[in-house]
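These are my notebook entries on a structure I examined. I record what I looked up, entry by entry.

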Amino acid sequence: MMCSLWRGFSLPLTTSLNRRFLKCCRQLSRSYNIESCIPEAVAFQGVSDHSGLYKFSVNESDRFWGAVARQRLSWISPFHTVQNCDFSQGKIKWFEGGKLNVSVNCLDRHVHTSPERVALIWERDEPGTEVKITYRQLLELTCRLGNLLKRQGVRRGDCVTIYMPPCPLAVASMLACARIGAAHNVVFAGFSSEALADRIRDAQSSTVITVNQGVRGGKVVDLKRTVDQAVQNCPSVQQVLVAMRTENTVAMTDRDVPLEEEMMKEDVVCEPVAMDSEDVLFLLYTSGSTGKPKGLVHTQAGYLLYTALTHRYVFNYHDRDVFGCVADIGWITGHSYIVYGPLCNGGTTVLFESTPVYPNPGRYWEMVERLGINQFYGAPTAIRLLLKYGDEWVQNYNRSSLKTLGSVGEPINTEAWEWYHRVVGDGRCPVVDTWWQTETGGICIAPRPSDPEAEIVPGMAMRPFYGIKPALLDTEVGGALSHSSNDSTGALCISQAWPGMARTIHNHHQRFTETYFQPYPGYFFTGDGAYRSKEGYYQIVGRLDDVINVSGHRLGTAELEDVVVCVYVFVVLKKAVMVQEDVLAQQLREMVSRSIAKYACPDFIQVVRCLPKTRSGKIMRRVLRKVVERNTDELGDLSTLDDPDSVHEVIRGHQRLR
Ligand code: PRX
């Protein structure tokens, strides 16, 4: 029974059972039409074009968000106040007075209108073994799990930790928490046992949900063993629910509960709890530039509304499209654009279990062809990796289903952007470079949030989404001068609240206000720097806090570069390129002096096989900096490092160079 659940989800879906929950859904749902959203919602306000709508959304924020929230979400009882926010206290509240259930919005109302529509396509590690789950099946899984969690003593307000790779039971676990009023804390299933333990302890979870083993890139990973190690140091944990991803048995203790076996004993109807708009939906831990990871808190209504709206408009998602976001559910991208945004919109969303190069570098595009993916959303780091393998891996597959290509997580360099557009998208799909953060909940700056025909400049995130009012502030300490003109650079801030933003840091509200609202009073500070072009388009320059704290003082790169005029370049070559290092160094110096200036020439050029990156693909610049400073004893926390060998190789190469 266990395996059939994973293979084909052959649950006993009988008509009599369904009649019961359909009745329950009917009471909760209203008719819903994805196409009718924004223009209709504000038509009565006399706004007809897209740029007018953006202005309306920031100038008449209450009227805009109020109208959209009433139209897009199914409420159990209506809200009385659209927003109640005060940045000086870090107070963010949306849709107060309103009650709703997020799982009803993501499941029941779609089951009511199209129960057999596919909600999830689980793209398992082995190509061609995908599993499709309809809205009806996902609701049943969610209800059974919700009932099981209740039986295990999970109550409204508790926080359940989920340590699972992307799979339908992980999504059902998230939605089951939402259904019964518990918060979830999804921890990326690549994190070590210490990192997991830190997060379980901070969230004070009594329940952990995991799988026996994960399968990724043809390798089996013992996830349950990692959980066993982690919970040894987590006194709050009373039970671990274990799903069986593989057929290999694992040692079970008294604390462990066989998930499939127990959920099959549960009823397929689970009464959804009426949640307040501002009750916690989930915690998600993210690293700060210093200190322990922060458990950012997102709440119910505002987050759901914002992810649904951005999913619809940034990607130009239409009813019946297949949305393929290849992130992991353990990151905010997975939460917002695999789970909540697409499901709230009644969409079909892909859960990608594998890697971009398994079994070969054509994996993404073979999947696009096989599943008929219409919107593909990935990270520049993967695009750069695939680019190195050449165009044939892409051209071997039919990509005519693709309509929009998305990018997220870091700036996309021109070469990668151009390749993504020209080769992957055959020059006909817009590339949307989406800027946002765990803190923002959803996409804030993207090329086409309001106009499917708008101009796109390569490498630029371009335009703010509805309701987002960016500001560039002077980065000088205490300066806080706003650059209101175009063609300027500054600290990227957002000057008014939007529904998707994080509400606090779990148990550390003071850290929340200090990090995000005190650096520039009156603004939400993103931690990134940005440039606004003459035309008013935004380009993200990178983290401002990528810089250093020396004896308690913050130093900007500009200040440092005034003193230490030294540029150190790490180069990763395409796979097939064979070149002598000194010849390459000479060529690169010539290129830089030609395209920038002589003074910008790198002092040191080191060729490396790969750069030290986090598992989410961010280059660990601080590690590189320490290597260059010869401070290899102080590399700091490497627990999020993807490939530990990369650091040793960089160190060895550096020693050779000096
Ligand atoms: O520096 C920005 C970078 O990623 C940071 C947020 O990281 P995280 O919370 O892990 O969320 C990643 C997925 C949303 C930002 O502060 N970043 C994200 N998207 C872009 C980006 N930098 C440049 N361009 C982007 N499109």
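Which strand gives the most to the shell around the ligand? I found that β27 does, with three residues. Strands here are DSSP runs of E with at least two residues, helices are runs of H or I with at least four residues, and both are numbered from the N terminus.

**Basis of the entries.** I worked with a predicted model, in which local features need pLDDT of at least 70 and side-chain atom pairs count only at pLDDT 80 or more, while totals for chains, interfaces and linings use all residues. I numbered residues from 1 along each chain as its sequence is written.

**Ligand shell.** I noted 19 residues surrounding the ligand; a residue is near a molecule if its C-beta atom, placed from the backbone, lies within 6 Å of it. The closest are Pro411, Trp435, Gln437, Thr438 and Ile540. At least two residues each come from α13 (332–344), β20 (431–434), β27 (524–532) and β28 (538–543). By class, I recorded seven nonpolar, eight polar and four charged residues in the shell. Ala, Val, Leu, Ile, Met, Phe, Trp, Tyr, Cys and Pro count as nonpolar, Asp, Glu, Lys and Arg as charged, and the others, Gly among them, as polar.

**Helices α6 and α7.** I looked up the packing of α6 (residues 102–113) with α7 (residues 135–151): the angle is about 135° and the axes are 8 Å apart. Axes are lines fitted to C-alpha atoms, for helices over the stretch in contact, and angles run from 0 to 180 degrees between N-to-C directions. α6 is therefore oblique to α7; angles under 35 degrees count as roughly parallel, over 145 as roughly antiparallel, 65 to 115 as roughly perpendicular and the rest as oblique. Ser103, Leu107, Asp108, His110 and Val111 of α6 meet Tyr135, Arg136, Leu138, Leu139 and Thr142 of α7, contact being C-beta atoms, placed from the backbone, within 7 Å. I sorted the residues of this contact into five nonpolar, three polar and two charged.

**Helices α21 and α22.** I found α21 (residues 621–628) packed with α22 (residues 644–657) at an angle of about 30°, with axes 10 Å apart. The two helices are therefore roughly parallel to each other. In α21, Val623, Leu624, Val627 and Val628 meet Val647, Val650, Ile651 and His654 in α22. By class, this contact has seven nonpolar residues, one polar residue and no charged residues.

Definitions and conventions
Two residues are in contact if their C-beta atoms, placed from the backbone, lie within 7 Å.
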